[in-house]
Amino acid sequence: MNYFLCAAIFGVLVQLHDTTAARCDGIPGGTLLMYSPNECNRYYACQHETDHEWYCPPGEFFNPRNQQCETTCPAEQNLWCEGVPDGVFIRVPPTEPVNCQKYYTCFGGNMFEQFCPPGFLFSQLQQACGFNQAEC
């Protein structure tokens with residue numbers, strides 16, 4: 001009986017905490033993120049876990065490694081952890097197939113692949129594996 005009561009309460013709490021996953025979830029304020037390797041002139045500025053989309057001036061492109069707009073588009077495609085503080089976890093980038101159990105640890109601008117235990121889903125907002133599908 002107690003098990004079913006706990007499960008019901010947990011289900012209600014999960015539904016009440018329904019949020020839409022965003023790129024800046026769980027990312028420290030002031031972090032600048034690459035928008036897409038195919039659109040170098042756009043980037044996100046994270047503030048209060050909210051995505052703020054910005055554009056570089058005409059003829060310039062965002063370089064996540066240098067955290068600024070420059071005259072050339074970076075040739076590297078895997079710069080998703082550039083500018084992200086060490087030890088922060090990020091969900092699978094938009095260039096990869098959706099996988100709610102997979103995430104990356106950022107360290108030194110590099111991506112280190114990680115997986116949640118079976119039955120758990122990664123929440124960038126919580127910076128942990130959990131059960132909330134909406135935070136995937």
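Is Arg65 buried, partly exposed or exposed? Arg65 is partly exposed, with a relative accessible area of 42%; here buried means under 20% relative accessible area, exposed over 50%, and partly exposed in between (1.4 Å probe, protein chains only).

1. Basis of the note. This is a predicted model, in which local features need pLDDT of at least 70 and side-chain atom pairs count only at pLDDT 80 or more, while totals for chains, interfaces and linings use all residues. Residues are numbered from 1 along each chain as its sequence is written, and side-chain values use heavy atoms, with hydrogens and water left out.

2. Salt bridges. The whole structure contains six salt bridges, each defined as a side-chain nitrogen of Lys or Arg within 4 Å of a carboxyl oxygen of Asp or Glu.

3. Arg65 and Glu82. These residues form a salt bridge, with the closest N and O atoms 3.1 Å apart. Arg65 lies in the loop between strands E4 (61–63) and E5 (68–70), and Glu82 in the loop between E5 and E6 (89–91), so the pair ties together parts 17 residues apart in sequence. Strands (E, at least two residues) are DSSP runs, numbered from the N terminus. Glu82 is buried, at 10%.

4. Arg42 and Glu53. The closest N and O atoms of this salt bridge are 2.3 Å apart. Arg42 is buried at 14% relative accessibility, whereas Glu53 is partly exposed at 36%. Together with Glu39, both residues belong to a network of salt bridges.

5. Lys102 and Glu113. Their side chains meet in a salt bridge (3.0 Å, N to O). The pair links strand E7 (residues 102–107), which holds Lys102, to strand E8 (residues 110–115), which holds Glu113.

Note on methods. Helices (H or I, at least four residues) and strands (E, at least two) are DSSP runs, numbered from the N terminus.
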